[in-house]
Amino acid sequence: MAAPKVAVVGAGVIGLSTALCIAETCPSCSVTVLSDQFSPNTTSDVAAGMLIPHTYPGTPIHVQKQWFKETFTYLFAISNSAEASEAGIHLVSGWQVFKNSPKEELPFWSDIVLGFRVMSKAELKKFPQHQLGHAFTTLKCDCPPYLLWLEKRLKATGVQIYTRKVSDLWELHSEYNVVVNCTGIGACQLVGDEKLFPVRGQVLKVHAPWVKNFIRDGDGLTYIYPGIHRVTLGGTREKENWSLTPDPGTTKDIFDRCCSLEPSLQGAQDIKVKVGLRPSRQHVRLQKEVLSQGGVKLPVVHNYGHGAGGFSVHRGTAKEAAHLVGECIAALQGSSSRAKL
């Protein structure tokens, strides 16, 4: 069999990192990324890019922990390299504070982030409305530079990148041996996934260079995440809301909530409003499927539905998807060698 051809559909953080993992684990493959949207116009560009995992109710915790650990280890290595600034990755310390005691004493990821501990009473004085908190250091990914860095890595590895709208995965069957679906919320239409739904997120990107620490309310709705150039203030989680138009009332609400956690933000300037639709479902869809028409088969690997937690697990799920692609290729090579017999 000639070099297997793999198409990855989608160019957000999941699509680009999946393509990179396939190119790294299967150097004999010819990998192509196809998407109608690239940075700065992807959902990933709106994401805050903080490595604080979101929990997927339908996925075993040990699996989620492995995904997060692989992602943290990968980005931590980049943060300690000369490419840290170009890739937009840096360490950031801060606090997650709770008005009421959380259900679980320790989150499953507490031993992966750095220096996780319970906050002291003196520290909690900064947050008079909260009664408990955790302090730790994690990684923050400034998303637009990271996506451009991934694209550069892909091109250096020989991956082809094309702008193309794919309306049906089957249309790729004559050009590619395996197709990988990383279309995020686009999978609603592309593969008719009724378990997938948008969770609208509106965030503010502000200039407030004095804010150095992240602050996150335990409910996950209000957060302040300092990046290299701007601070992300959030947010919202609006299920089944497809609107990409910023809402002025929501902007004011987010700003007020963040100022109640960090009053110095009253002095923030140059406020930009961004909206994204998180591709949400009970668990990430990470599986193989074989499409067939008239005796012709097309192996497909799905990797989408990461919701609010895509950045926290993107490298871990990309590695697993690349492994599934390897299984598809091995099966194809096995059947082509049997056909020769």
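A disulfide is taken here as a pair of cysteine sulfur atoms within 2.5 Å, and in general terms such a link is a covalent bond between the sulfur atoms of two cysteines. The structure is a predicted model, in which local features need pLDDT of at least 70 and side-chain atom pairs count only at pLDDT 80 or more, while totals for chains, interfaces and linings use all residues. Residues are numbered from 1 along each chain as its sequence is written, and side-chain values use heavy atoms, with hydrogens and water left out.

A search of the whole structure finds one disulfide, which is formed by cysteine 26 and cysteine 29, with their sulfur atoms 2.5 Å apart. The torsion about the S-S bond of cysteine 26 and cysteine 29 is about 65°, so the disulfide is right-handed. Burial is assigned from relative accessible area, with buried meaning under 20%, exposed over 50% and partly exposed in between (1.4 Å probe, protein chains only). Cysteine 26 counts as buried at 15% relative accessibility, and cysteine 29 is likewise buried, with a relative accessible area of 12%. Cysteine 21, in contrast, is in no disulfide, and the nearest cysteine sulfur, that of cysteine 182, is 10 Å away. Seen from cysteine 182, the closest cysteine sulfur is that of cysteine 21, and the 10 Å between them is too far for a bond. Cysteine 21 is buried, with a relative accessible area of 1%, and cysteine 182 counts as buried at 6% relative accessibility.

An open sheet of six strands has the order β6-β2-β1-β7-β15-β14, with mixed pairing. Strands β6 (160-163) and β14 (285-293) stand at the edges, each with a single partner strand, so that one side of each is left without a neighbour in the sheet. The twist averages 20° from one strand to the next, where axes are lines fitted to C-alpha atoms, for helices over the stretch in contact, and angles run from 0 to 180 degrees between N-to-C directions. Strand β2 (residues 30-35) runs parallel to β6 and is joined to it by four bridges, with leucine 34 having tyrosine 162 as its bridge partner in β6. Helix α1 (residues 13-25) packs on the sheet, touching β1 (5-9), β2, β7 (178-181) and β15 (296-304), and its direction makes about 175° with that of β2; contact here means heavy atoms within 4.5 Å. Strand β1 is mostly covered, with four of its five residues buried, and β1 and β2 pair in the parallel sense over five bridges, valine 6 having valine 31 as its bridge partner in β2.

Strand β8 (residues 197-207) is largely enclosed by the rest of the structure, because ten of its eleven residues are buried. Ten bridges join β8 to strand β13 (residues 269-280), and the two run antiparallel; in β13, lysine 274 is the bridge partner of valine 203. Strand β12 (residues 238-239) also runs antiparallel to β8, joined by two bridges, with glutamate 238 in β12 as the bridge partner of arginine 200. Four bridges pair β8 with strand β11 (residues 231-234) in the antiparallel sense, and valine 206 stands opposite valine 231 in β11.

A nonpolar core is defined as a set of buried Ala, Val, Leu, Ile, Met, Phe, Trp, Tyr and Cys residues joined through side-chain atoms within 4.5 Å. The largest such core has 65 residues, and those with the most contacts inside it are Val33 and Tyr146. Helix α9 (residues 310-340) supplies the largest share of this core, nine residues. A second, separate core of 21 residues includes Leu124, Ile224, Ile254 and Leu261. When residues up to four places away in sequence are not counted, valine 33 touches, among others, Val8, Leu16, Phe38, Leu154, Ile161 and Tyr162.

Helix α3 (residues 61-79) and helix α6 (residues 143-156) pack at an angle of about 90°, with their axes 14 Å apart. That angle makes α3 roughly perpendicular to α6, on a scale where angles under 35 degrees count as roughly parallel, over 145 as roughly antiparallel, 65 to 115 as roughly perpendicular and the rest as oblique. The contact is made by Tyr74, Leu75 and Ile78 of α3 and by Tyr146, Trp149 and Arg153 of α6.

Key:
Two strands pair if DSSP finds at least two bridges between them.
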